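Here is a short briefing on one protein model.

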Amino acid sequence: MPLSPSDFHSQAAFDREVAQLRRCWVPVCRGDEVAEAGAQKAVAAAGAPVLITRDREGRLQALSNVCRHRAMTLVEGEARAEAIRCPYHLWTYALDGALTAAPFMEPDDVKGCDLPRYGVCEWGGWVFVDLSNAAKPLGALLAPLEADLQPARLATLAIGFRLAFQHDWNWKVLVENFGESYHHIGPHAGTLQPLWPGGRTDATPSTADWIDIRHPDHPVAGELRVFVVFPLLLLATTPSESGATWYRLNPLGPERIELEIVGLYPPDLAADPGRMERAKATLLAVHQEDMAVCDRVQAGLKSPDAVLGPLSKLEAGIARFRAWVEARQ
C-alpha cells in the first residue's frame, strides 16, 4: 500500500514499521567503543534497549538490557566488568547473558532466565544488531557497496565528535531529508550549495536496498557521497578528508526521534581538538538548517490537505526508500 501523510504521524503506522525495523540490521555503536574485554555498552536498536558486551576472547554479544526478574534496565551508559549485575536485586549474568546468580532464589525458580540474545556483527567499524535473529547476512547485503564504502578504511576511523538531539519528527522525515541533496538549493544555500550544487547531484545509482547520492567533485572540498542503507544506516563520506559522518537514528515514537551525529576521522585528525571543534561547528550549522525545514515538514504532514507529491529525478533515492517501506507494510 502506498505511503500517505498519515504514515508519518500515526501510532499504528509507527508500530507496524518498528516491527519491521526489528527484523533488520541496525547500527548501534562503533566497535572501538566496546573494544576491551568486559566492555558493556547500553544502546538502542529500533527503540529496544540492548546491551553490547565483549568477552575475554574478543567475542561480541548483543543482549537484552532488561533484567529477567523485575524488568529493570541493567546498564546505563557504559561499564566494564567481568559480569553484568542488576543494581536492583543483584541478579548477575555472564557476558554472554547466562544467569549466574539470583540471591535467595532456588535454581528451579530461575530456569529460563538467561538474557535474550540477538544477532550481532561488525562491519566497517560499526556494531550491527538484528533483534529477530533472522535477517539476511549483512555482509551479503553490503557486498555491492564495498568498493565505494571501503569498509576496511571505515573501520580505522575514530570518533572525533558527537552531537546529540531529540526531534519531534517521524523517523522517515529524517531519512528522506538525509537521502536527497535537491534541498541544497534551499536551506543549505549558504553552506552546502556552493560546494555541492543540489541540481548537479545524481541519485540514480540508488537501488531497492540503499540510497546512493553522488555530488560534483569540488576542487577543495572534494566529492561528497551520501548513503542510506535501508533502514537506518545514514552515512556521508568525504574522501578528501578521509572522514565520514554517521547519523545514528533511533525512532522513539510516531513523531519523536533520538539522533546522534557522529564525526569519524583518521585517528590523528580525531585527536586534533581545534580541527574537531571546527568540524563540529560546521555540522551543527548544517543540521540547524535541516531542523528548520524538518520541523515544518512534520507539521505540514498533519494537514488535511497534505499529499506526498511527485518526486524530482534528484530524489530518486526517496522513491526507492518509500518503495522499501511500502513493501514491508
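By class, 16 nonpolar, 12 polar and 5 charged residues line the largest pocket. The model is a predicted one. The largest pocket holds about 720 Å³ of space. Of its 33 lining residues, L192, W196, L224, T238 and L283 are the closest to the centre.

**The largest pocket: who builds the lining?**

- Two helices, α5 (171-178) and α7 (273-301), each give at least two residues to the lining of the largest pocket.
- Two strands, β14 (233-238) and β15 (243-253), also supply at least two lining residues each.
- The largest share of this lining comes from α7, with 7 residues.

**The largest cavity**

- Rolling a probe the size of a water molecule over the atoms shows where empty space is left.
- How many cavities of 30 Å³ or more does the count give? The count comes to 1.
- The volume of the largest cavity is about 60 Å³.
- Its lining consists of R16, E17, Q20, L21, W171, W324, V325, R328 and Q329.
- Which helix gives the most to this lining? The answer is α1, with 4 residues.
- Both α1 (11-21) and α8 (316-326) supply at least two residues of the cavity lining.
- By class, the lining of the largest cavity has 4 nonpolar, 2 polar and 3 charged residues.

**How α5 and α8 pack**

- The axes of α5 and α8 are 9 Å apart, and the two helices pack at an angle of about 150 degrees.
- Angles over 145 degrees count as roughly antiparallel, so α5 is roughly antiparallel to α8.
- The crossing of α5 past α8 is right-handed.
- On the α5 side, the contact is made by W171, K172, V175 and E176.

- Which two residues does a cis peptide bond join? They are F230 and P231, and omega is about 5 degrees.
- P231 sits in the loop between β13 (225-229) and β14.
- A46 has a positive phi of about 50 degrees, although A46 is not a glycine.
- Where is A46 found? A46 lies in the loop between β2 (39-45) and β3 (48-54).

Methods
Residues are numbered from 1 along each chain as its sequence is written. This is a predicted model: local features need pLDDT of at least 70, side-chain atom pairs count only at pLDDT 80 or more; totals for chains, interfaces and linings use all residues. Side-chain values use heavy atoms; hydrogens and water are left out. On a 1 Å grid over the protein atoms alone, a cavity is a set of points where a 1.4 Å probe fits but cannot get out, and a pocket is an open set with protein on both sides within 12 Å along at least five of seven lines; lining residues have an atom within 4 Å of a point. Grid points are joined across faces, edges and corners, and a volume is the space filled by probe spheres set on the points. Ala, Val, Leu, Ile, Met, Phe, Trp, Tyr, Cys and Pro count as nonpolar, Asp, Glu, Lys and Arg as charged, and the others, Gly among them, as polar. Axes are lines fitted to C-alpha atoms, for helices over the stretch in contact, and angles run from 0 to 180 degrees between N-to-C directions. Angles under 35 degrees count as roughly parallel, over 145 as roughly antiparallel, 65 to 115 as roughly perpendicular and the rest as oblique. A crossing is left-handed if the near helix is turned anticlockwise from the far one by less than a right angle, and right-handed if clockwise. Contact means heavy atoms within 4.5 Å.
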